[in-house]
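Subject: Structure handover

Hi there,

Here is the structure I promised to pass on. Please have a look at it first, and then read on for what turned up.

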Amino acid sequence: GGSSSSGSPADMASLLRRDYPARFILHAATILRASRIAYLLPVRCGKASFTNEVMRQLQHHEEINGSKGAWTVYTIDAPERTFDFRGRDVPQPSVIQVWSRKATR
């Protein structure tokens with residue numbers, strides 16, 4: 001389903017509680033003040049619904065903190081689609097995602 005959230009701090013807190021990949025990206029960007037974040041994620045995180053919501057939260061944070069930055073995201077399919085889990089190859093379609101903040105004046 002679509003998101004009807006407004007970008008309030010309560011919305012961000014809700015997103016952080018339920019989605020660990022989003023939590024990592026938002027924490028790295030807002031708390032650690034990273035300008036670039038690279039992450040191997042489940043394929044669902046490459047969908048527009050995920051990237052649009054995280055982007056909206058990042059932009060909201062920039063606005064309320066008076067930051068001058070513009071975020072971009074680049075997503076590609078990960079070449080390896082299985083992972084070793086306790087000695088077994090487990091298929092896990094994944095994407096590699098890079099988030100970048102460019103300072104604006």
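A word on accessibility before anything else: a residue is called buried under 20% relative accessible area, exposed over 50%, and partly exposed in between, using a 1.4 Å probe and protein chains only. By that rule R33, at 38% relative accessibility, counts as partly exposed.

Two notes on provenance. This is a predicted model, in which local features need pLDDT of at least 70 and side-chain atom pairs count only at pLDDT 80 or more, while totals for chains, interfaces and linings use all residues. Residues are numbered from 1 along each chain as its sequence is written, and side-chain values use heavy atoms, with hydrogens and water left out.

**Overall layout**

The chain contains 3 helices and 5 strands, where helices (H or I, at least four residues) and strands (E, at least two) are DSSP runs numbered from the N terminus. Along the sequence they follow the pattern α-α-β-α-β-β-β-β. Of the 105 residues in the chain, 32% are buried. Taking contacts (heavy atoms within 4.5 Å) between residues at least 6 apart in sequence, 64% join residues at least 24 apart. The chain exposes about 6,900 Å², and carbon and sulfur atoms supply 54% of that area; accessible areas come from the Shrake-Rupley method with a 1.4 Å probe, and for residues only the protein chains shown count as cover.

**Helix α3**

Helix α3 covers residues 48-64, and its 17 residues should span 24 Å at 1.5 Å a residue; the end C-alpha atoms are 24 Å apart, which agrees. The expected span here is 1.5 Å times one less than the number of residues. Just after the helix, G66 takes a positive phi of about 65°.

**Salt bridges**

How many salt bridges does a search of the whole structure find? It finds 3, a salt bridge being a side-chain nitrogen of Lys or Arg within 4 Å of a carboxyl oxygen of Asp or Glu. As background, side chains of opposite charge can pair when their charged atoms come close.

- D19 pairs with R44, with the closest N and O atoms 3.2 Å apart. D19 sits in the loop between α1 (9-18) and α2 (20-30) and R44 in the loop between β1 (36-42) and α3, so the pair ties together parts that are 25 residues apart in sequence. D19 is buried at a relative accessible area of 11%, whereas R44 is partly exposed at 36%.
- E53 and R56 meet through their side chains at 2.8 Å, N to O. Both residues lie in helix α3, 3 residues apart, or about one turn of the helix. E53 counts as buried at 11% relative accessibility, and R56 as partly exposed at 23%.
- E62 pairs with R101, the closest N and O atoms being 3.4 Å apart. This pair links distant parts of the chain, with E62 in helix α3 and R101 in strand β5 (residues 94-103), 39 residues apart. Both E62 and R101 are buried.

Strand β3 (residues 82-85) and strand β4 (residues 88-91) pair in the antiparallel sense over 4 bridges; strands pair if DSSP finds at least two bridges between them. F83 stands opposite V90 in β4. The two strands form a hairpin with 2 residues between them, and R86 in the turn has a positive phi of about 55°. R86 is exposed, with a relative accessible area of 76%.

Most residues other than glycine have a negative phi. R33 is another residue with a positive value, its phi being near 60°, and its place is in the loop between α2 and β1.

**A nonpolar patch**

Which residues make the nonpolar surface patch of about 440 Å²? They are L40, Y74, I76, F83 and I96. Patches are made of residues with over 30% relative accessible area and no salt bridge; like charges are joined within 9 Å, and nonpolar side chains (Val, Leu, Ile, Met, Phe, Trp, Tyr) within 5 Å. I76 lies in strand β2 (residues 69-77) and counts as partly exposed at 35% relative accessibility.
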